[in-house]
Amino acid sequence: MAGSTKTARGAMVVLLWYRKGLRVHDSPALAAACEGATAVCPVFCLDPWFVSSGKVGPIRLRFLAEALADLDASLRARGSRLLVLHGKPEEELPRVAREWGATHIVWEKDGVEPYGLKRDAAVREACAPLGVTITETNGHTICDLDELLKQSKGSPVTTYSTFRTHFDHVVARSPIVLTPTPERIPAPSDAALAEEARGRLSVPSVADIAPSLADAGPSLFPGGEGEALRRLDAHLARDGGAWAGAFEKPKTSPTEIDPFGAGTRSTTVLSAYLKFGCLSPRTFWVRLRDATKGARTRSAPPVSLDGQLLWREFYYACAHAVGPAFGQMEDNPICRQIGWRVPADDPAAAEALAAWRDGRTGYPWIDACMRQLKSEGWMHHLARHAVACFLTRGDLYVRWEEGAAVFDELLIDADWAVNNGNWMWLSCSCFFYQYFRCYSPVAFGRKYDPDGAYVRKYVPELARFPKKYIYEPWRAPIADQNKAGCRVGVDYPKPIVQHDVASKENMGKLAEAYKAHKESHADSGGEHGSEGKGKGTGKGKGAPSKAARGKAPAAPPPDAKSRASKKRTRHSESDDDDDED
DNA sequence: CATTGGTTGTAGCA
DNA sequence: TGCTACAACCAATG
Ligand SMILES: Cc1cc2nc3c(=O)[nH]c(=O)nc-3n(C[C@H](O)[C@H](O)[C@H](O)COP(=O)(O)OP(=O)(O)OC[C@H]3O[C@@H](n4cnc5c(N)ncnc54)[C@H](O)[C@@H]3O)c2cc1C
């Protein structure tokens with residue numbers, strides 16, 4: 001804040017606008033706000049756009065309420081407090097800036113997702129006449145995303161290894177340093193305190209913003225940085241750091257009954273804390289590094305725990321480079337154009353989507369995952385793989401944006417860049433293209449949990465099925481169904497799709513779509529592009545396959561919407577939202 | 001060009 | 001529990 005403008009009286013009243021970054025540890029925004037300030041007014045704005053629109057499910061809203069209460073406590077311990085505004089940011093921010101005499105506004109960058117991008121532009125515009133100085137800081141990601149964007153010359157990076165070299169360059173340039181937590185924070189201005197005294201700025205309770213959960217009992221993972229840091233440290237202390245050091249993501253299990261318990265084979269479940277910024281990714285990074293220094297066996301990215309943080313960074317950087325189209329297939333330069341079924345135009349697809357969402361596909365493993373999502377807001381990464389594959393390329397062939405929208409509502413950790421990126425991955429739309437590797441809605445869960453304890457927990461009507469049929473109850477003889485007290489087709493649905501048939505058919509469609517992509521891509525005016533089909537086989541071992549090339553598998557209506565296939569990508573000049581910083 | 005590597009597949013068989 | 005065939009992807013690298 002050095003060299004900032006001052007008011008006539010020389011007072012420096014700073015509005016510290018919290019959006020994500022709900023913490024006081026390692027907070028560049030908080031540090032920037034405090035520097036030289038005579039008053040700091042920490043605000044959070046409850047925007048009806050996400051509070052009461054139905055876009056955000058109750059579990060995530062509850063987490064937010066808990067996180068705000070915790071942040072308020074952290075601020076109070078340092079002589080401050082959280083002031084909560086109710087209304088549209090582009091109305092509330094300029095209002096309080098004016099009424100409270102703010103000379104500066106500070107916030108942490110949150111300009112990747114379309115909501116944040118538009119919101120911040122609107123607030124800037126609304127505040128422009130006030131002449132306040134607006135400062136943006138990094139904080140939500142390890143690197144400043146604009147630095148990563150520079151490193152890639154404005155292009156999206158779609159491979160992890162390339163991303164890693166860029167990341168290493170940026171970190172070499174600006175090392176990962178933690179920002180100290182201020183011991184005291186200047187109190188809010190008198191005008192702000194006066195408004196607070198009128199009872200207008202109180203921190204919302206769970207009952208206020210997630211009324212359906214008001215009496216739901218304790219949360220599985222309560223929001224807030226206190227909880228975040230406790231959980232982080234507990235994970236890092238497991239086996240003296242050996243657990244964290246040897247972490248290998250693909251070897252963790254999606255079927256743990258208590259993924260938050262001691263000795264779990266699950267993952268850290270820190271995602272919601274990172275999403276809201278209750279936990280700084282840099283703090284995670286640094287403490288992880290320290291905790292695993294002496295570890296006997298150390299895994300490495302992409303499977304290691306620091307590798308997981310890099311995946312997050314990877315998707316953020318890519319989404320930042322692509323812009324708002326990252327959340328959709330159309331006009332998205334990195335996304336394969338595929339003729340998915342669209343529920344709005346296709347009643348059968350709409351019904352399939354609804355069954356998937358409600359956890360009544362007739363596949364117990366899929367339904368258990370979806371019911372865990374609905375009831376708890378979190379699923380293991382591999383469970384997300386299973387249900388995302390099932391909805392899109394594996395079985396239902398519904399477009400991935402529909403699944404992403406459901407996740408965006410129901411996940412406690414829903415995070416625009418990460419969510420859409422992973423949906424593109426699973427649907428083979430970008431990043432990952434081996435569509436012939438397909439998850440089985442029967443075999444995959446069984447591999448981890450042969451007894452079906454996870455299914456029995458989340459799909460209780462199946463609880464009494466014998467182990468043999470727990471993943472495919474429709475195959476149980478009627479006598480077994482009666483004995484289990486659950487008749488398939490009556491008490492639990494029959495499968496809505498036949499996996500072996502559908503998955504093969506879908507692979508054919510993916511192959512078609514890829515072919516169309518390649519042709520439209522090898523254009524260069526040559527019209528009949530390359531066509532060098534030759535023995536495109538090659539691949540591992542050099543074992544030449546037989547002449548399986550016979551005929552293309554089923555050729556249903558070739559993907560209708562091949563229209564948009566724009567290629568250019570840049571995005572550098574148009575909207576870069578960094579200012580004085 | 002050809003080759004290599006890519007977080008996390010499955011079924012069938014030893 | 002470990003191996004291979006399956007069918008045949010892509011981006012990066014040289
Ligand atoms: C279809 C699909 C949608 C997803 N949507 C989201 C989402 O909305 N929000 C979200 O945070 N994660 C999402 N993920 C990624 C991943 O599943 C979760 O981050 C992870 O399961 C959270 O559990 P954890 O904190 O125990 O992870 P850990 O394995 O303990 O990893 C630690 C942290 O690394 C980050 N991370 C881990 N895996 C990934 C990944 N694949 N991509 C990006 N970051 C990762 C997360 O911040 C996570 O908290 C999605 C994955 C899929 C397949």
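Biologist: What share of the 581 residues in chain A is buried?
Modeller: The model is a predicted one, and chain A has 23 helices and 5 strands. A residue counts as buried under 20% relative accessible area. By that criterion, the buried share of the 581 residues in chain A is 56%.

Biologist: Among contacts in chain A between residues at least 6 apart in sequence, what percentage joins residues at least 24 apart?
Modeller: The count takes contacts in chain A between residues at least 6 apart in sequence.

Biologist: Is helix 13 roughly parallel or roughly antiparallel to helix 14?
Modeller: Helix 13 spans residues 281–291 and helix 14 spans residues 305–322. Their axes lie 10 Å apart and pack at an angle of about 160°. Because angles over 145 degrees count as roughly antiparallel, helix 13 is, relative to helix 14, roughly antiparallel.

Biologist: How many nonpolar residues has the contact of helix 13 with helix 14?
Modeller: From helix 13, Pro 281, Phe 284, Trp 285 and Leu 288 take part, and they meet Leu 305, Asp 306, Leu 309, Leu 310 and Arg 312 of helix 14. By class, this contact has no polar residues and 2 charged ones, and its nonpolar residues number 7.

Biologist: Which class of geometry describes the aromatic pair of Phe 63 and Tyr 273?
Modeller: A search of the whole structure returns 33 aromatic pairs. In the pair of Phe 63 and Tyr 273, the centres are 5.1 Å apart and the planes stand at 65°. Phe 63 belongs to helix 3 (residues 58–76) and Tyr 273 to helix 12 (residues 271–276), 210 residues apart. Since planes over 60 degrees apart count as edge-to-face, the pair of Phe 63 and Tyr 273 is edge-to-face.

Biologist: How many residues apart in sequence are the parts that Trp 365 and Tyr 454 tie together?
Modeller: Trp 365 and Tyr 454 form a tilted pair, 5.6 Å centre to centre with 50° between the planes, and both residues are buried. Trp 365 is in helix 16 (residues 364–376), whereas Tyr 454 is in helix 21 (residues 453–458), so the pair ties together parts whose separation in residues is 89.

Biologist: Is Ser 80 buried or exposed?
Modeller: Ser 80 sits in the loop between helix 3 and strand 3 (83–86). Beyond its neighbours within four places in sequence, Ser 80 is in contact with Val 40, Pro 42, Leu 75, Ile 185, Pro 186 and Pro 188. With a relative accessible area of 2%, Ser 80 is buried.

Biologist: How many of the 11 residues of helix 19 are buried?
Modeller: The buried residues of helix 19 (residues 416–426) include Trp 416, Asn 419, Gly 421, Trp 423 and Leu 426. Their cover includes helix 5 (114–127), helix 14, helix 15 (347–358), helix 17 (381–394) and helix 18 (400–410). Helix 19 is largely enclosed by the rest of the structure, because the number of its 11 residues that are buried is 9.

Biologist: Which residue just after helix 19 takes a positive phi?
Modeller: The phi in question is about 60°. The residue that takes it, just after helix 19, is Cys 428.

Key
Residues are numbered from 1 along each chain as its sequence is written. Chains are lettered from A and ligands numbered from 1 in the order in which they are written. This is a predicted model: local features need pLDDT of at least 70, side-chain atom pairs count only at pLDDT 80 or more; totals for chains, interfaces and linings use all residues. Side-chain values use heavy atoms; hydrogens and water are left out. Axes are lines fitted to C-alpha atoms, for helices over the stretch in contact, and angles run from 0 to 180 degrees between N-to-C directions. Helices (H or I, at least four residues) and strands (E, at least two) are DSSP runs, numbered from the N terminus. Angles under 35 degrees count as roughly parallel, over 145 as roughly antiparallel, 65 to 115 as roughly perpendicular and the rest as oblique. Contact means heavy atoms within 4.5 Å. Ala, Val, Leu, Ile, Met, Phe, Trp, Tyr, Cys and Pro count as nonpolar, Asp, Glu, Lys and Arg as charged, and the others, Gly among them, as polar. Rings of Phe, Tyr and Trp (its six-membered ring) pair if their centres lie within 6.5 Å; planes under 30 degrees apart count as stacked, over 60 as edge-to-face and the rest as tilted. Buried means under 20% relative accessible area, exposed over 50%, partly exposed in between (1.4 Å probe, protein chains only).
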